[in-house]
Amino acid sequence: MSAELFAALRSFSRSFVWFGAASAAFFLVAGLLLEDPHLMVVGVCAQFLANIAFALRELRTRILFLFLHFGIFLFWLTRPTIGICYGTEAWLGDTWDVTVFTFMIIYFTMAFLLAGSYCYSQRKAFRRPSLTLSALNPPARHGKAKPPLAEGFESSAFLHAVRVSAFAVFALCCAFAFVHGVQLLSYMSGRVYEEYYLVDSSGYSSSLVSSLAGMTVYALGVYLATMPKRRPATVALLLFVATTLPELVIGARGSFAMAALFLVFYYLFRQQVSKDEQWITRTMAIVFLIALPLGIVGLGIVNYTRAGSDFRPENLLLQFADTLYKQIGRASCRE
């Protein structure tokens, strides 16, 4: 009986995915023809639900796909959906063309994510023989085999050298990033939050410090690409998050939020590809589920603090929604 129920649920979820995708296209076209942005919101939300249902069908192998849509909802869909619930039109673009362009970008992003993931999941049905290194490196005519194409990359000694070098460069850039942050805090002392966006980094820091601080994320990317162990990778990721704290202190939340999301994304990625090490434990998952809403409310506190307003924690649910709503700026068209 349980097997039959499971099969029925899988069949229903499959139908729901394609019904949601078809409904999304219908509502999007209807909103475009009738010039109704609310119908376009319904369309992108239908596509979002279809993608979520698709991810839940094979959650173990599509956890990154699901987490990517968490970011899509957080940064793209919260403002229009919560704005409709609030009864405000502040989420609309400055013009109808800007609104249409925004929702079309969101829709096609999710639609092609679904199409690409579906084609990848069906790869066994039309898989072709893979191109191997032996095909790229045929033996010479006189019987002498050519050296492997990826000989250097397959060498553990080479990989270790790249890892150590990348971490050394990252540590150097990270030190300059902290110096850059201290200079930023010193400059912003006694100034209002908006002045942060009105001045270039050359106004409070030298070009050498700014350049090396800007290379931090690239050095981190090279280091993480070498697939280090969990502990040193966690140290590097936490250092990267720490470099965004000065901006958070003055009220700029974007860099901190993106660094934290990158940390979680990398953990999910390594959980999928690393077979010899457990990256996400049950305790870690529980901590994340508790820290996520607290972090979002914390970002809301930063928003009210930088504006000089009082924060009233007695209504956390509305504050949670308000933080999500204000996390994304209104679509605009600047000349």
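Is Phe 12 buried or exposed? At 55% relative accessibility, Phe 12 counts as exposed (over 50% relative accessible area; buried is under 20%, partly exposed in between, with a 1.4 Å probe and protein chains only). The model is predicted: local features need pLDDT of at least 70, side-chain atom pairs count only at pLDDT 80 or more, and totals for chains, interfaces and linings use all residues. Residues are numbered from 1 along each chain as its sequence is written, and side-chain values use heavy atoms, with hydrogens and water left out.

**Helix H1**
- Phe 12 lies in helix H1; helices are DSSP runs of H or I with at least four residues, numbered from the N terminus.
- A polar side-chain atom of Ser 23 lies 2.8 Å from the backbone oxygen of Phe 19.

**Salt bridge**
- The whole structure has 1 salt bridge (a side-chain nitrogen of Lys or Arg within 4 Å of a carboxyl oxygen of Asp or Glu).
- Asp 276 pairs with Lys 229, with the closest N and O atoms 3.6 Å apart.
- Asp 276 is in the loop between helices H12 (254–273) and H13 (282–307) and Lys 229 in the loop between H9 and H10 (230–242), so the pair ties together parts 47 residues apart in sequence.
- Asp 276 counts as exposed, at 63% relative accessibility.

**Helix H8**
- The buried residues of H8 (residues 207–214) are Val 209, Ser 210, Leu 212 and Ala 213.

Conventions:
A polar contact is a pair of N or O atoms within 3.5 Å; within protein, one must be able to donate a hydrogen and the other to accept it, and residues adjacent in sequence count only if both atoms are side-chain atoms. Helices (H or I, at least four residues) and strands (E, at least two) are DSSP runs, numbered from the N terminus.
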